[in-house]
Amino acid sequence: MSGRFPFYQQLDAMDCGATCLRMVSRHFGRYYSLEYLRDLTYMGKQGVTLLGISDAAEHIGLQSLAVKTTFDRLARDIPVPAVAHWKQEHFVVVYKANSRHVWIADPAAGKFKLTREEFLENWASDVEDGEDVGVLLLLEPTPEFYAREGEKINKSGFGYVRSYFQRYRPLLLQLGVGLALGSLLQLIFPFLIKSIIDTGIENDDLNFIQLILLAQFFLFATMMAVEQFRSWILLHVTVRVNISLISDFLIKLTKLPISFFDSKVTGDLMQRIADHERVQRFLTSTSLVSIFTFANILVFAGVLLAWDATIFGIFIVFTLAQIGWIFYFQYLRRELDYKHFDQSAENQSNLMELISGMQDIKLHNAEKQKRWAWERIQARLFRTSVSALRIGQIQRAGSGFFNETKNLLIIFMVAKAVMDNEMSLGMLLGVQYIIGQMNSPLNQLFEFLRARQEAKISLERLNEIHVRDNEENLEEKITILPEYGDLILENVSFQYNGPHSPTVLRSVNLRIPKGQTTAIVGTSGSGKTTILKLLLNIYQPTEGAIRLGDINLSNVNNRLWRNKCGVVMQDGYIFFDSIARNIALGDEIIDKRKLLNAVKVANIQTFIESLPLGYNTKIGQEGLGLSQGQRQRMLIARAVYKNPDYIFFDEATTALDAYNEMLIMENLEDFFRGRTVVTVAHRLSTVMNADNIIVLEGGEIVEQGTHDELTYLRGAYYQLVRNQLELGA
């Protein structure tokens with residue numbers, strides 16, 4: 001059973017729960033993609049919970065039961081496979097157990113047979129009645145599980161990338177002709193060598209030898225020309241395919257929902273982009289050349305078989321042994337490749353955090369702590385690299401042993417054949433030339449196998465992004481907004497990470513009148529920012545609906561809707577670009593009139609024009625540093641530049657001093673006129689003139705009205721105002 005249990009590798013560090021469920025489903029006869037199961041488990045940046053795995057399992061028809069049990073009960077009574085909580089931070093599948101050993105499938109590392117002690121060391125989380133206990137999620141199929149068809153297994157492998165080569169068919173055809181011509185020319189050489197020895201030298205015919213050598217020279221010159229031609233085609237195709245691969249990946253990333261990036265670590269995405277290099281290298285230089293080198297092997301092998309079947313047999317036996325040896329170690333290298341990917345992604349994220357957070361690191365004297373954290377990651381990377389190096393050395397040593405043994409044995413056989421007058425001296429040299437010419441393509445073939453495995457792993461990780469659903473299907477979206485209509489929240493509830501995560505909004509009913517200003521206030525964590533994200537279609541409500549007039553907002557084309565919206569979020573991003581392009585974000589040609597109006601409204605014109613390069617000054621992480629107040633004014637100018645019909649501000653003036661805030665709010669009062677405005681704020685000065693003020697507590701609306709009305713009520717809003725202004729009773 002241990003050899004038959006299906007195994008899948010997790011594609012990133014947070015995929016263990018979904019991957020475990022994928023293995024169990026496959027064991028019971030149904031295939032589900034990792035993307036589908038990940039969505040069902042509500043995976044976030046911290047991974048998935050046992051409840052999330054349970055919900056996903058029951059959704060596809062697997063009955064689940066979470067138990068805390070002992071090792072003896074696991075070995076004796078517990079049905080397997082079951083999902084085990086591992087090291088309090090990971091999930092693995094237990095697929096076989098007895099009183100002394102446990103067999104697990106770890107999606108991060110592979111399949112292992114562990115002793116009782118080794119298993120308990122990683123699984124046990126508590127002690128009850130003097131015995132170690134751990135958590136298991138038991139899974140058994142129901143009739144509903146078998147009634148579902150599951151999903152079709154993707155057997156295409158490298159199929160979906162073939163389209164990148166369609167436009168280069170003429171060039172590939174020329175490449176094929178060139179490689180075939182090169183193979184044909186190489187095939188002539190052993191016969192020429194044999195002729196020099198057996199005819200020229202044997203008959204003392206110097207003229208014949210000169211003629212053959214002249215022919216070899218012209219053949220060599222022709223082969224060099226063919227090689228130059230082939231190299232140019234390979235370079236041309238390689239560069240263009242590489243650009244297309246990465247470009248299409250970035251296009252796909254930009255089409256994914258914003259919520260996708262909340263569950264992805266930046267380092268992980270950076271590593272996936274780096275994976276393109278391995279795919280590109282395999283699809284162009286390695287694979288294209290290997291196809292024809294394999295043809296060379298077949299041609300030379302045919303000549304060798306015609307000359308001597310025994311030598312051909314020796315060559316084939318040792319070559320197959322060499323291939324088997326390489327395949328065995330490729331399996332071990334695959335496991336290390338996944339481990340190295342996860343560690344490299346963690347390293348990328350850690351380095352970016354180290355650089356971006358240097359100010360806070362130094363202010364809190366955390367240099368040593370953060371450096372140690374980075375060094376621990378480097379130590380894990382080093383151990384993985386050493387393991388990969390050791391496996392590579394053993395693989396190369398074994399491969400070299402088979403290769404040299406084969407060569408020496410063939411030399412002995414042909415030498416003996418010459419001594420026994422069964423083979424001419426010219427044929428001996430011809431055989432040696434053929435073996436030499438076959439060894440080089442064989443090494444290329446072995447490199448092809450290694451590159452193919454690396455590319456396959458990279459494609460699996462890249463395909464995990466490519467197969468995800470886009471943020472929207474444009475054909476199903478409404479592309480005309482209603483001319484009149486309020487924004488309406490109908491019984492809206494929301495949870496970020498599935499049904500077992502905290503409820504952020506509870507049954508919110510709210511009407512935001514068109515052309516008026518609505519302010520949302522409340523304590524931290526009350527759900528203010530979440531309402532803005534729902535209104536911007538970044539997330540969809542868990543329950544209820546959001547309408548724009550009589551249209552469900554989720555049915556509106558996002559590009560159209562967001563084009564009508566000016567937004568300032570708390571975590572708005574300043575790009576490494578000129579001030580003008582940061583403000584006119586999204587416009588290829590900047591409207592100078594709109595730009596000037598935007599900086600005036602945001603009260604940042606004087607600052608910009610005092611700079612030596614003015615609007616062309618580079619800002620962002622690699623450019624001019626901005627204060628928090630200047631940064632917020634840039635973001636306000638960006639929102640104003642769009643001249644939107646709907647404006648969403650999330651604490652847009654918190655970093656401003658009182659004077660600048662007063663000036664900007666006066667400017668915005670004029671700008672807001674006739675537009676629908678939703679502003680989240682704590683400061684009284686930014687909300688007191690709103691047409692309607694919404695007070696949130698614990699994700700629920702507790703009050704709403706104008707400033708005067710709510711102050712008169714002396715309720716939740718009054719307490720917020722009192723705390724801010726220190727009002728008396």
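# Briefing: sheets, helix packing and selected residues

Of the contacts in the chain with a separation of 6 or more, 73% are between residues 24 or more positions apart. The model is predicted. Its chain contains 24 helices and 19 strands. Of the 729 residues in the chain, 48% are buried.

- Strand 8 (residues 487-495) is joined to strand 11 (residues 543-548) by five bridges in the antiparallel sense.
- Within this pairing, I488 has R547 of strand 11 as its bridge partner, and L489 has I546 of strand 11.
- Strand 8 also pairs with strand 9, again in the antiparallel sense, over six bridges.
- One of the residue pairs here is V492 with V508, the latter in strand 9.
- Strand 8 is mostly covered, with seven of its nine residues buried.
- In general, strands of a sheet pair through backbone hydrogen bonds, in either a parallel or an antiparallel sense.

- A second open sheet has six strands in the order 13-16-17-10-18-19, with mixed pairing.
- Strand 13 (565-568) and strand 19 (700-705) are at the edges; each has a single partner strand, so one side of each has no neighbour in the sheet.
- From one strand to the next, the twist averages 15°.
- Strand 13 and strand 16 (residues 646-650) run parallel and are joined by four bridges.
- V567 has F648 in strand 16 as its bridge partner.
- Helix 21 (residues 658-672) lies across strand 10 (517-522), strand 16 and strand 17 (676-680). Relative to strand 16, helix 21 runs at about 150°.

**Packing of helix 20 and helix 21**

- Helix 20 (residues 628-641) packs with helix 21 at an angle of about 5°, and their axes are 13 Å apart.
- Helix 20 is therefore roughly parallel to helix 21.
- On the helix 20 side the contact involves R633, I636 and V640, which meet N660, I664, L668 and F671 in helix 21.
- Sorted by class, the contact of helix 20 with helix 21 has five nonpolar residues, one polar residue and one charged residue.

**I693 in strand 18**

- I693 is located in strand 18 (residues 692-697).
- Its relative accessibility is 0%, so I693 counts as buried.
- I693 and T518 are 175 residues apart in sequence, yet their C-alpha atoms are 5.8 Å apart in space.
- Not counting residues up to four places away in sequence, I693 touches A519, V521, V687, E703, Q704, G705, T706, H707, L710 and Y717.

**F315 in helix 11**

- F315 is part of helix 11 (residues 309-356).
- With a relative accessible area of 2%, F315 is buried.
- Leaving aside neighbours within four places in sequence, the contacts of F315 are L304, K406, I410, I435, M438, N439 and L442.
- Between F315 and L304 the sequence separation is 11 residues, and the C-alpha to C-alpha distance is 9.5 Å.

**Cysteines**

- A search of the whole structure finds zero disulfides.
- For C16, the nearest cysteine sulfur is that of C20, 6.2 Å away, and C16 is in no disulfide. The cut-off for a disulfide is a pair of cysteine sulfur atoms within 2.5 Å.
- C16 counts as buried because its relative accessibility is 7%, where the limit for buried is under 20%.
- C565 is buried as well, at a relative accessible area of 1%.

Terms used:
Residues are numbered from 1 along each chain as its sequence is written. This is a predicted model: local features need pLDDT of at least 70, side-chain atom pairs count only at pLDDT 80 or more; totals for chains, interfaces and linings use all residues. Side-chain values use heavy atoms; hydrogens and water are left out. Two strands pair if DSSP finds at least two bridges between them. Helices (H or I, at least four residues) and strands (E, at least two) are DSSP runs, numbered from the N terminus. Axes are lines fitted to C-alpha atoms, for helices over the stretch in contact, and angles run from 0 to 180 degrees between N-to-C directions. Contact means heavy atoms within 4.5 Å. Buried means under 20% relative accessible area, exposed over 50%, partly exposed in between (1.4 Å probe, protein chains only). Angles under 35 degrees count as roughly parallel, over 145 as roughly antiparallel, 65 to 115 as roughly perpendicular and the rest as oblique. Ala, Val, Leu, Ile, Met, Phe, Trp, Tyr, Cys and Pro count as nonpolar, Asp, Glu, Lys and Arg as charged, and the others, Gly among them, as polar.
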